[in-house]
Amino acid sequence: MSTLEIRGLKVSVDTENGAVEILKGVDLTIKSGETHAIMGPNGSGKSTLAYSIAGHPKYNITGGTVTLDGVDVIEMTVDERAKAGLFLAMQYPVEVPGVSVSNFLRTAVTALRGEAPKLRTWVGEVKEAMEALNMDPSFAQRNVNEGFSGGEKKRHEIMQLELLKPKIAILDETDSGLDVDALRIVSEGVNRAKAANNIGVVLITHYTRILRYIQPDFVHVFANGKIVEEGGPELADKLEANGYAEYVSA
Amino acid sequence: MTTLTTNYLTPTGREEAWRFTPLKRLGGMHDGSAIVADRHSLTLAGSKATGVSFELKSSSDAPVLSESDDAIVGRIREAARDVAVLTISANTEVAEPIILKRTPGDVQSAEFARVQIKVENHARATIIVENTGDTHLAEDVEIYVAPGANLTLVSLQEWGAKTVHAGRQHAIVDRDANFKSIVVTIGGSLVRLLPTVEFAGPGASCELFGVYFATSGQFFEHRMFVDHKVPNAKSRVNYKGALAGDQAHTVWIGDVFIRAAAEGTDTYELNRNLLLSDGARADSVPNLEIETGEIVGAGHASTTGRFDDEQLFYLMSRGINLSDARRLVVRGFFNEIISEIGEEEIQVRLMDRIDNELAKAGA
Ligand SMILES: Nc1ncnc2c1ncn2[C@@H]1O[C@H](COP(=O)(O)OP(=O)(O)OP(=O)(O)O)[C@@H](O)[C@H]1O
Ligand SMILES: [Mg+2]
């Protein structure tokens, strides 16, 4: 049982005109097995929250705390956070030229488990994960995200979620750019990974359609750098009907 | 000391061709002060395949195939009494790579070596030259790829830390012939190579690949020249370099000349450099001279950059630590070219060496 606790998190980025505060005090607690949906307008800071938790160097934490089972996450390097059990499926996964998916995955799993996986079982695991997400086996030999379509990149992220087995996963717009079939396949992947490892999931999304496949326990409305309302699944339907006007103008 | 007739060529460092090279570190190969060593360090490894001959000929029996205004090449041609000649006879297809090895010499004297590689009509071969150990070597390699022939030449500079190697690899590529060269420079104190190509017949093509990795104090220069002087020839150049550590210095010059007669030319050259630490310097100068507008394409690109933070972040967010992430990115950067060699064992060896150099540099 794990708990990721975010308290009063303030984050700024450096710009030509000095530091700009983007997160203005975020409070959020995610426990194993829970699914939290975060919805909010463009530019409200959802990805900033995700990247800040993962430790992207661009974001400066200026206040608040992030702890995983009581241990300070902010002090950790990016790889230490992954080893502690955090995972971020990125809105825009990065291309790494010349590094094959299979080499990347093997290096990552070796780092996370502290020892190289047995080759035979590992190859089987990867093959199975790829098949489950309807990815052609040839992807293993391709370079990480290089030339992948938008949807293929998202599948690749969820494949990593299944293989790397984190405690808490933040999925940043994993549903964007997926066709109807891919949305179902990817959602099933998330549900499978979640069920197998009791992962706590944060789902950042603009659309309720993914929530039909992945049932949220909590829905949070994010606006102007903080959470402005919280509720159950019914809140998502309300947002879809009414938009964010009442939160943005407030 | 006898006066060599090439003295007039002695560079001062102000010449365009020499302005980057630290002349003092050339061991006197450029100004005639080097002691001329009496050694022939190039050997053929393994057994000779049918249709392949490798012999030492006297200079008079192996006249030069090309002109050069390079001071060191001039001195080699004066000093060398013999020429190592490798010939692939017409229509021969050599299945396995032919391995040539340069055995280490010494650094008190310099070997002035002439080499000729002749691939006769419609022959096909891969030649791998492995350079290891410490030596001073001035080398004039002339390559002739006859009509319809196909040569892949892999030149591996895996030298020891004291080596000074100044060499020209000049390929004359005839009608419908293809020349592919892969130059890897990852060892030595100073390496200055001139991979040059001269198209001698229409329909000829060349692909010139290269990687170099310089760490503290190393100077690696690759000075390309592709001479499009016949119609419908195609050239591709792709060199990638990485630098780590103080005073690491690399130079890449890409000269392409499209003469008036060279209609239908198709050329593109690319040089990318990865600066892995402060204090390193990468010079990159692409240069295209065009005398005819009737061409298929001509372009070049040159970039010099640092590690991409987004790539490192992505890898690290999957649990990979910083040094392993850097190693993956560097390997990935070089992989595109190294994989062109197509010999697994050699590729692994080169990548391991690159890993080691990277680890030593602490970048
Ligand atoms: N370097 C920067 N300079 C100025 N503003 C920045 C910089 N980086 C991020 N921002 C701003 O921070 C805000 C939050 O961005 P973020 O990517 O977190 O939004 P988001 O909620 O994920 O939006 P979307 O729904 O479009 O993905 C945006 O207004 C963005 O323009
Ligand atoms: Mg976003």
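In the predicted model, strand E12 (residues 205–214) of chain B is joined by 10 bridges to strand E14 (residues 234–243) of chain B, and the two run parallel. Strands here are DSSP runs of E with at least two residues, helices are runs of H or I with at least four residues, and both are numbered from the N terminus; two strands pair if DSSP finds at least two bridges between them. Within this pairing, B:Gly210 stands opposite B:Tyr239 of E14(B). E12(B) is also joined to strand E10 (residues 178–187) of chain B, by 8 bridges and again in parallel. In that pairing B:Gly210 of E12(B) is the residue opposite B:Val183. Of the 10 residues of E12(B), 9 are buried, so the strand is largely enclosed by the rest of the structure. Buried denotes under 20% relative accessible area, exposed over 50%, and partly exposed the range in between, with a 1.4 Å probe and protein chains only.

Chain A contains 9 helices and 12 strands. Its radius of gyration is 18 Å, close to the 18 Å given by the globule rule for 250 residues, so chain A is as compact as a globular protein of that length. The radius is taken over C-alpha atoms, and the rule is 2.2 Å times the number of residues to the power 0.38. The C-alpha trace of chain A spans about 55 × 40 × 40 Å along its principal axes.

Buried residues make up 54% of the 250 in chain A. The accessible surface of this chain is about 10900 Å², with 49% belonging to carbon and sulfur atoms; areas were computed by the Shrake-Rupley method with a 1.4 Å probe. Among contacts (heavy atoms within 4.5 Å) between residues of chain A at least 6 apart in sequence, 70% join residues at least 24 apart.

A:Tyr247 lies in helix H9 (residues 245–249) of chain A. With 9% relative accessibility, A:Tyr247 counts as buried. Beyond its neighbours within four places in sequence, A:Tyr247 is in contact with A:Val221, A:Ala223, A:Val228, A:Glu229, A:Leu235, A:Lys238 and A:Leu239. One of these residues, A:Glu229, is 18 residues from A:Tyr247 along the chain, with 8.5 Å between the C-alpha atoms.

Residues are numbered from 1 along each chain as its sequence is written, and chains are lettered from A and ligands numbered from 1 in the order in which they are written. Local features need pLDDT of at least 70, side-chain atom pairs count only at pLDDT 80 or more, and totals for chains, interfaces and linings use all residues, while side-chain values use heavy atoms, with hydrogens and water left out.
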